[in-house]
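Open the model in your viewer and keep the selection tool handy. We will go from one stop to the next, with a short note on what to look for at each.

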Amino acid sequence: MNQLEIFRFALRGLLANKMRSSLTTLGILIGVAAVIMLVAVGEGSSQSIQRNIQRLGANTLTISPQFSGGGGGGMRTAGGGNTGPRTQARQLSLADAKALTDRTLAPSVRSVSPVVTAASSTAAYGAASHAISQFVGTYPSYFEAVNKPVAKGTYFFNDDVLAARKVVVLGQTVVEELFGTVDPIGKQVSVSGVPFTVVGVLKEAGSTGMQDADDVAIAPLPAVQQSLSGFGSLSSIVVQASGSEATTAAQSEVTAILNQRHGITNNNPDYRILNQATLQETVSQATGTFTVLLGAVAAISLLVGGIGITNIMLVTVTERTREIGIRKAIGAPRSAILGQFLLEATLLSLVGGLSGVLVAFIGTRFTVAGIEPVLVPSSVALALGVSVGIGLFFGSYPANRAAKLRPIQALRHE
């Protein structure tokens with residue numbers, strides 16, 4: 001008996017019970033589709049988080065105040081530990097930002113952007129008004145450091161900072177709320193009663209969770225301090241390293257300079273540094289683990305489908321015992337019987353696997369819980385390979401049982 005005849009016998013056996021074969025295939029289909037879809041959702045979630053982090057710049061350090069730290073002041077416990085807020089804790093100042101630009105002390109730093117943020121700033125143009133969630137005062141280097149390119153017009157320049165000119169670059173949300181379809185470039189908006197001239201519009205960034213990244217306005221630091229925030233401390237300092245590989249070195253240099261300026265002599269500084277590169281690496285590891293976990297949970301469906309194949313093939317062998325006996329009596333070798341039932345189980349799992357891949361491919365075209373799934377080719381190959389392997393593994397026992405039947409016993413079976 002050649003391979004083609006074995007294939008014909010296997011196909012005929014499956015088609016003899018179409019409903020049973022379809023339901024068995026459905027179990028494998030669900031398992032394969034679940035594995036591919038859940039891995040795709042995990043990958044899409046990971047890439048979405050990575051994009052949000054990269055918007056801030058992969059080689060960026062963000063320094064913000066932390067008022068619970070400081071030098072050697074504050075109360076001490078009997079064991080010598082510091083408790084309570086430090087009286088020496090200092091806020092971030094413009095002098096701190098200027099100190100970080102020292103090329104001798106900080107050779108890994110490309111640019112430094114001091115930042116102040118004016119809260120509850122209401123902008124108005126004509127009859128329209130809008131409460132801007134984030135009104136930022138900073139330097140021109142801020143646009144590159146936090147990856148905020150201008151889509152229309154231009155950003156402001158160092159001359160605008162030195163002259164404290166009241167010019168502003170608006171986010172897309174602010175433009176839509178105030179101007180609609182009108183070109184905002186060159187128009188004046190009133191921000192808390194202070195006129196600012198629009199010189200540019202930021203490229204759309206999209207929403208980040210509950211926060212609209214486009215609901216922002218950016219103006220020269222002195223102009224914001226004079227008009228809105230006052231000449232107090234800085235909200236933060238954004239430091240751009242000379243490259244992504246130099247981010248760690250830049251953080252060490254920044255830490256040394258600020259510790260010296262703030263008189264920090266212990267491991268409890270009055271500021272904190274957010275390293276985007278470190279954050280990105282940590283998030284990548286966490287989301288990778290999350291994706292593997294999702295795939296592992298979905299793989300249980302494949303196992304259940306494999307058990308279903310075993311069950312159905314055992315029933316098939318029992319039903320066709322007399323047929324097996326007749327075929328063996330007229331000379332069919334053991335390998336032909338074994339091959340037929342193994343092929344039947346493999347065909348069931350292969351058809352189910354291919355159908356599952358098709359369903360998963362269609363599923364990844366849709367947004368799931370606000371996430372755009374990203375199809376991972378390796379998950380497709382793995383799920384399909386596992387489904388075929390399951391057919392071979394779970395079909396081997398019923399196939400062996402059929403092949404071992406003695407012709408005389410099989411012919412007596414009712």
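Of its 5 residues, 4 are buried, so β7 is largely enclosed by the rest of the structure; buried means under 20% relative accessible area, exposed over 50% and partly exposed in between, with a 1.4 Å probe and protein chains only. This is a predicted model, where local features need pLDDT of at least 70, side-chain atom pairs count only at pLDDT 80 or more, and totals for chains, interfaces and linings use all residues. Residues are numbered from 1 along each chain as its sequence is written, and side-chain values use heavy atoms, leaving out hydrogens and water.

Strand β4 (residues 109-118) runs antiparallel to β7, joined by 3 bridges; two strands pair if DSSP finds at least two bridges between them. Look for Val116 opposite Gly137. Strand β14 (residues 216-220) runs parallel to β7, with 5 bridges, and Ala217 in β14 is the bridge partner of Phe135.

Now select Phe135. Not counting residues up to four places away in sequence, its contacts (heavy atoms within 4.5 Å) include Val116, Val168, Phe196, Ala217 and Leu228. In the largest nonpolar core, of 40 residues, Phe135 is among those touching the most other members, as are Ile63 and Leu100. Such a core is a set of buried Ala, Val, Leu, Ile, Met, Phe, Trp, Tyr and Cys residues joined through side-chain atoms within 4.5 Å.

Finally, go to Thr346 in helix α11 (residues 334-363). Thr346 is buried, at 15% relative accessible area, and touches Val388, Gly391 and Leu392, again not counting residues up to four places away in sequence.

Technical notes: Helices (H or I, at least four residues) and strands (E, at least two) are DSSP runs, numbered from the N terminus.
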